[in-house]
Amino acid sequence: MKRSDTKFILPKKQVLEILNSVLNNYRILEVNKDRVMTYNSLYYDTSQNDFYQWHHNGKINRIKVRIRNYVESKIHFLEIKRKNGKGITHKSRIPIDGFEENLSKKSNAFIQEITHGNYKLSPSLENEFNRITLVSTFHKERATIDFNLNFRNNLKNKVYDELAIIEIKQEGINRNSPIYKELKERHILPNSISKYCLGIISLYEDIKYNSFKGKLLQIQKLTA
């Protein structure tokens, strides 16, 4: 999977109005008569949280590793997301039996094959959220709307129940797409935010997060 992603953050209470404004241009993904899906993910990082630190420090080529449970579909995938300096996201994945507290030989081999690195990884956090997926009827475009974000590790739990994150996934950035234009008209501007990084700074008190302080304050204002 190769795509350009554009993210937006907004109060969850605005989601219904936006959906009603754009639905003539999109279909809604439905699985077993469910249109609101549940995603549960276990993220992995090094003991020094290198994947998080790369994002925080603005490293051009970044990696995220997770096992994601698509709850309604009853499937798990080991997923690796790589982002380059051109803003292009490559996602590679393989089906897997379930969450792994200790990554198996097969999983480690896949990670090494895709990342060309030999990382010693362990679980860093778990998250869960609900998602509505829109598929454009006119363009090669999908838009996901994530809400009810819940982050947890062995020590702490953090819920963002008034926040929504919209992500527009396109082959190339198309600012004329209906949902992009609708967000712009509402003065909701693109905002590069990572759910993984938000989870890390919400759960780990001793982590450096200077680069994300502005976004965290913005989220606090939106959800107050």
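Visitor: Hi! How do the residues lining the second largest pocket divide into nonpolar, polar and charged?
Guide: In this predicted model, that lining divides into 5 nonpolar, 3 polar and 3 charged residues.

Visitor: Thanks. And which residues line that second largest pocket?
Guide: Here they are: Leu42, Glu101, Pro123, Ser124, Leu125, Glu126, Arg152, Asn153, Asn154, Leu155 and Tyr204.

Visitor: Which strand gives the largest share of that lining?
Guide: Strand β7, residues 122–136, does, with 4 residues of the second largest pocket's lining.

Visitor: What volume does the second largest pocket have?
Guide: About 210 Å³.

Visitor: OK, over to the largest pocket. What's the volume there?
Guide: The largest pocket comes out at about 730 Å³. Its lining has 42 residues, and the closest to the centre are Arg3, Lys81, Lys91, Arg131 and Lys169.

Visitor: How does the lining of the largest pocket divide by residue type?
Guide: You'll find 18 charged residues there, along with 14 nonpolar and 10 polar ones.

Visitor: And which strand gives the most to it?
Guide: That's strand β4, spanning residues 62–70, which gives 6 residues to the lining of the largest pocket.

Visitor: Which residues line the largest cavity?
Guide: The lining is made of His55, Ser192, Ile193, Ser194, Cys197, Leu198, Ile201, Phe212, Lys215 and Leu216. Two elements give two or more residues each: α5 (195–203) and α6 (213–222). The largest share, 3 residues, is from α5.

Visitor: Switching to helix packing: at what angle do α1 and α4 pack?
Guide: Helix α1 (residues 15–22) and helix α4 (residues 178–185) pack at about 135°, and their axes are 10 Å apart.

Visitor: Why do α1 and α4 count as oblique to each other?
Guide: Because their angle of about 135° falls between the 65 to 115 range for roughly perpendicular and the over 145 cut-off for roughly antiparallel, α1 and α4 are oblique to each other.

Visitor: Is the crossing left-handed or right-handed?
Guide: Right-handed, as α1 passes α4.

Visitor: Which residues make the contact?
Guide: On α1, Ile18, Ser21 and Val22; on α4, Pro178, Ile179, Glu182 and Leu183. These contact residues divide into 5 nonpolar, 1 polar and 1 charged.

Conventions
Residues are numbered from 1 along each chain as its sequence is written. This is a predicted model: local features need pLDDT of at least 70, side-chain atom pairs count only at pLDDT 80 or more; totals for chains, interfaces and linings use all residues. Side-chain values use heavy atoms; hydrogens and water are left out. On a 1 Å grid over the protein atoms alone, a cavity is a set of points where a 1.4 Å probe fits but cannot get out, and a pocket is an open set with protein on both sides within 12 Å along at least five of seven lines; lining residues have an atom within 4 Å of a point. Grid points are joined across faces, edges and corners, and a volume is the space filled by probe spheres set on the points. Ala, Val, Leu, Ile, Met, Phe, Trp, Tyr, Cys and Pro count as nonpolar, Asp, Glu, Lys and Arg as charged, and the others, Gly among them, as polar. Axes are lines fitted to C-alpha atoms, for helices over the stretch in contact, and angles run from 0 to 180 degrees between N-to-C directions. Angles under 35 degrees count as roughly parallel, over 145 as roughly antiparallel, 65 to 115 as roughly perpendicular and the rest as oblique. A crossing is left-handed if the near helix is turned anticlockwise from the far one by less than a right angle, and right-handed if clockwise. Contact means heavy atoms within 4.5 Å.
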